[in-house]
2 protein chains.
Amino acid sequence: MNKLYEKTNAASYYITQGSVNSPKGFRAGGFHCGIKRKRPDLAWLYSEVPANAAAVYTTNQFQAAPITVTKESISIDKQLQGMIINSGNANAYTGEKGLEQAYLMRKWYAEKVGTKEHLVGVSSTGVIGEPLPIEKIRNGIANISVEQEDIINFEKAILTTDTFTKHVCVKVEINGTEITIAGAAKGSGMIHPNMATMLSFITTDADIEQESLQYALSNIINDTFNMITVDGDTSTNDMVVAMANGMAENEQLSVNNPYWDQFYEAFTYVCQSLAKYIAKDGEGATKLVEVKVTGAKTKEDAKTLSKTVIGSNLVKTAIFGADANWGRIINAIGYSGVKVDPMSISIALGSITVVHNGVPVDFSEEEATQYMKESDPVQIFVALQDGNDEAIAWGCDLTYDYVKINASYRT
Amino acid sequence: MNKLYEKTNAASYYITQGSVNSPKGFRAGGFHCGIKRKRPDLAWLYSEVPANAAAVYTTNQFQAAPITVTKESISIDKQLQGMIINSGNANAYTGEKGLEQAYLMRKWYAEKVGTKEHLVGVSSTGVIGEPLPIEKIRNGIANISVEQEDIINFEKAILTTDTFTKHVCVKVEINGTEITIAGAAKGSGMIHPNMATMLSFITTDADIEQESLQYALSNIINDTFNMITVDGDTSTNDMVVAMANGMAENEQLSVNNPYWDQFYEAFTYVCQSLAKYIAKDGEGATKLVEVKVTGAKTKEDAKTLSKTVIGSNLVKTAIFGADANWGRIINAIGYSGVKVDPMSISIALGSITVVHNGVPVDFSEEEATQYMKESDPVQIFVALQDGNDEAIAWGCDLTYDYVKINASYRT
């Protein structure tokens, strides 16, 4: 079975330190405004000029108020100049009042930074069904100064039960002009495929035609953010927003441009990195788990199979216990809904083959346990013989801490 | 919102002590044959005369060898006279060899009790993908004596990580003749709707026409065993088998008989009780959880909604934490795939209403916590206004012990 990510070596982009404020003209900050007890809870993102914007939203039918507002903003000029984001309260299932308050957040931040309301997007994450402490947010927004950048606290202020901040930055040369693409994200709980069970903000100084940007984002999400799962719960709130402000002054990119593929590849890397960070930092997780399915009849089959295996509570607890219990992987394939010939299945944990063409292989339990204990990510390879399609899904182990965190999240 | 189970009070059956050996002519036993380290692992069920038989099997596409054998047995005369059951090893994903061994189990038990091979069913539960220790089973079967009943050890020998044995017994008068219906089950892990993620054996001394028995079992399962979930994993092995040996000498029952409804109601009670025991004894569970959805547009919607709520890891951990975090219930409804007007939803925890027609209700957190801590089952009521259909799903909380059990199941 192949090693993952052969392509990375030949990539035309390079990875560098940085976050959403690294692309030219972007600034970001965050601080504590009083929604949470102590930790940062209000974050802002700002571009010196309006940026072409694209977004994808949760498929949960009860989309939270900030999603409605962000959608409306983007719909007008297909641009955003800033985002105002709070954590600690999701402003979800809060009715008319919640919607009004999301509009107020947009209005106050637009006034504060001197832009039009419809150039501002709003994001919230946290507890569902509780009224937003709107006065605290009003005071918070009043204290924002786009001159006072604080990227560390931007990244912290979007978190809920995350244990680390998540960012990525790449640079790529487009026809002689260097552009930067960066992203920051929060994840942790209520993470399950089907867009977009987390918040992710992606910025770039590239000049990208808006429809192409939306096209790229919508496509890439299917292979990145939609391929992660933490607990099978799809949140009401989450979104991925991409902003391209053009300040790198490259020749405008669109799907027909000869340099499009270079941009697309780098953009994919950014999304995939954020998605993997989110999976790795799943609530209570001790490690990232990757399930790669190859030889599937269709791409859809490969995705369904990899997501079913990574979504199995029994597989996830076995990984936590470093127990090479491959019967649970077989079992998950069995109930995935994808028809598979049992005699066509090979399974490996890292480089340790445990099933070959449907027949259990004699392997060293000790070695397998050691692999599962010491590796991060733990990689599960499932090879079929039904076709040439493949997919990778990401998730995490299921641990005592998942239960601990979620048995007492609100308190 | 209504109280559950109003119907029980008017039932025409009565509940009594007993198990699968209570109906006339049935015997059962079990003991340790060496598959597990110490606990009982081989169980047998026997009827003095061949019994009309019905069965429903797991929907997992990798059905284990014993399922193939049991299916074949029943297909011949639609009858069974006995079941041979082992725990500790699922004989699943064991290829041709596993199938041969399941046939051997059937043959040896048939010879031992002096019946035809095709009147014997085989069941296995335990680890997937390991060879069956067939010599131990052969020796075990050689030691069976149908004169030496041991119902306690029958019930114990079918268990895996269950913490208690599960049985139920009811009696009902059919046109002046008393019949008995009883059942025993094992559950615990890999429990998720879609037939039949556990083993259940139901016996009755009623004379029931075979097609009617299969019809009843197939129908009742949809509202009982298929409405429970523990961890979302559907096992390769599980089955519900019903045997009706006619020794009560009632007038034969079939769907057109005037007393059919009485039998059907009692049979439903047996299945529902076993299903609830299985949910309550879900791996690591501290309590049973019931989710009742009313006012749904269709029965299918009500079922999907109740199963989605009970299947949410986040709802399940909140119940373990006695946290009235109803936002997670709303969230699960939101991603269930069933279209629901958010303003039509009311939610109650026991008698404590937390959301009324889409609006959060001011309730005492303290009282709600107390309810969730002290009640077993914890009842969640979701009332919609879209129609008249309803459904109940059963599950359990998600606890540290679920992780503990499943991080080290094989060792």
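Residues are called buried under 20% relative accessible area, exposed over 50% and partly exposed in between, with a 1.4 Å probe and protein chains only. By this definition Tyr400(B), with a relative accessible area of 31%, is partly exposed.

This is a predicted model, in which local features need pLDDT of at least 70 and side-chain atom pairs count only at pLDDT 80 or more, while totals for chains, interfaces and linings use all residues. Side-chain values use heavy atoms, without hydrogens and water, residues are numbered from 1 along each chain as its sequence is written, and chains are lettered from A in the order in which they are written.

Rings of Phe, Tyr and Trp (its six-membered ring) pair if their centres lie within 6.5 Å; planes under 30 degrees apart are stacked, over 60 edge-to-face and the rest tilted. Over all chains, the structure holds 19 aromatic pairs. Among them is the tilted pair of Trp260(B) and Tyr264(B), 6.2 Å centre to centre with 45 degrees between the planes. Both residues lie in helix α6 (residues 260–280) of chain B, four residues apart, about one turn of the helix; helices are DSSP runs (H or I, at least four residues), numbered from the N terminus. Trp260(B) is buried at 5% relative accessibility, whereas Tyr264(B) is partly exposed at 25%.

Phe320(B) and Tyr400(B) form an edge-to-face pair, because their ring centres are 5.6 Å apart and their planes stand at 85 degrees.

In chain A, one aromatic cluster is formed by Trp260(A), Phe263(A), Tyr264(A) and Phe267(A). A charge sits over a ring if NZ of Lys or CZ of Arg is within 6 Å of the ring centre and within 35 degrees of the ring normal.

| Charged end | Ring | Distance from ring centre |
|---|---|---|
| Lys71(A) | Tyr57(A) | 5.4 Å |
| Lys166(A) | Phe164(A) | 4.5 Å |

Conventions. Helix = DSSP H or I, 4+ residues; strand = E, 2+ residues; numbered from the N terminus.
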